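Visitor: I would like to learn how to read a structure model. Please take me through a few features, one at a time.

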Amino acid sequence: MTDWTDFEAIDLSDGETFGALLDRAETREKGHFFEFFAEGDELVHDPGLSLTQHGSEQWMGQTLNHDPAYWRADTARERDFDAVPVHPDYLLACVMGITVEDLSEKGGYFLGRDDVRFHRPATAGTPLAVTSTVVDTRTSSSRPKYGIVTWETEGRDRETGETLVTYERTNMIPRREPAATDGGAVGEQDEGGPTLPDTLVTPDGEHFEDFRRALDAAHEEHAAVAYRHERGRTMDDQLVAGLPLATLNTARQHHNRDEMADSPSGDIVAYGDVTRSIALAHARSDEATYREHRFADERFHDFVTLGDTVYGFTRVLDADPEAGPERAGAVTFEHVAFNQDQTPVYSGRRTALIQRDT
């Protein structure tokens, strides 16, 4: 009788032998199907990585978020930070990356995120503790092989218990068994489309007063304050695979080209938070950002794959002089990331504190 524990019992370097063995092997799966999730369930994510200055600076450098307040002590003090914080985009990506193994590693589409709030700055060395609660589960009318799940996620300082960031995110998740649906489309489209403004106003500068004056001028002209940003960033291996893996985002769609070859995208795709961060970097380069405050209604509209170039477009919605500290005012923007074909790939509403010109 063959002793199958004997190292030499099977020659696994022989392709035919190994192929026959592999066909019989059961795959030990990672991640969860849609049926696993039930409203009200709480998931505690592990491991929770510790934030690092290197990770923050790597994220900023690769996504063009070149804000010295997040790497230089003198600028951090000028912005009223107690110490040099990590960049909020890096913090958000790390918190979400930790959740992927439990929530979305099976694949599916990242549909959007809402009510992103930064409760306090985080510094290098902060260990993360992350939990998610299932808010809603529902059937996808257009894709019977998927369900739709919404989670509320909280990222905390593991040592102090203080909340750092919270948000709601929604994904399509593969079902173990396809659902019976009517196959109808989700939502109705307005065939006529909106009426576009005749004039677009561009702020004269980067400070709060420039945005406020632009909004006042647009109101008088029945115009909109909207402009595009010059910079673009082409997606390379570091952005598409390197940055997600550095945040423990193990979703196969970012690093497994074999698995993604037959997917609708046809190739590995960028982590949504990388695409988002690049678009925001383009916008931040044209403003005097003091502090990030809140994001809402974030949506991902199309795939971003290797070789795509991400550009940015911004519309200014509001400028509130009463919000924030004395040296800044709150400006609310709508940001759109688009590719080389002018196809929107991300959009979201952002409120940031913008420095005054004093």
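Visitor: Over which residues does pLDDT stay under 50?

Guide: Where pLDDT is low, the predicted coordinates should not be read in detail. pLDDT is the predictor's confidence in each residue, from 0 to 100. Here it stays under 50 over residues 182–190, for which the model has five contacts (heavy atoms within 4.5 Å) beyond four places in sequence. The protein chain averages a pLDDT of 90, and 96% of the residues score at least 70. This is a predicted model: local features need pLDDT of at least 70, side-chain atom pairs count only at pLDDT 80 or more, and totals for chains, interfaces and linings use all residues. Residues are numbered from 1 along each chain as its sequence is written, and side-chain values use heavy atoms, with hydrogens and water left out.

Visitor: At what angle do the axes of helix H4 and helix H8 cross?

Guide: Two packed helices are described by the angle between their axes and the distance between the axes. For H4 (residues 88–103) and H8 (residues 272–284), the axes cross at roughly 170 degrees and come within 11 Å. H4 is therefore roughly antiparallel to H8 (an angle over 145 degrees). On the H8 side, the contact residues include Arg276.

Visitor: Is Glu298 buried or exposed?

Guide: Glu298 is in strand E9 (residues 289–300). Glu298 has a relative accessible area of 0%, so it is buried (under 20%). Another polar contact, of 2.6 Å, joins the side chains of Glu298 and Tyr346.

Methods. Axes are lines fitted to C-alpha atoms, for helices over the stretch in contact, and angles run from 0 to 180 degrees between N-to-C directions. Helices (H or I, at least four residues) and strands (E, at least two) are DSSP runs, numbered from the N terminus. Angles under 35 degrees count as roughly parallel, over 145 as roughly antiparallel, 65 to 115 as roughly perpendicular and the rest as oblique. Buried means under 20% relative accessible area, exposed over 50%, partly exposed in between (1.4 Å probe, protein chains only). A polar contact is a pair of N or O atoms within 3.5 Å; within protein, one must be able to donate a hydrogen and the other to accept it, and residues adjacent in sequence count only if both atoms are side-chain atoms.
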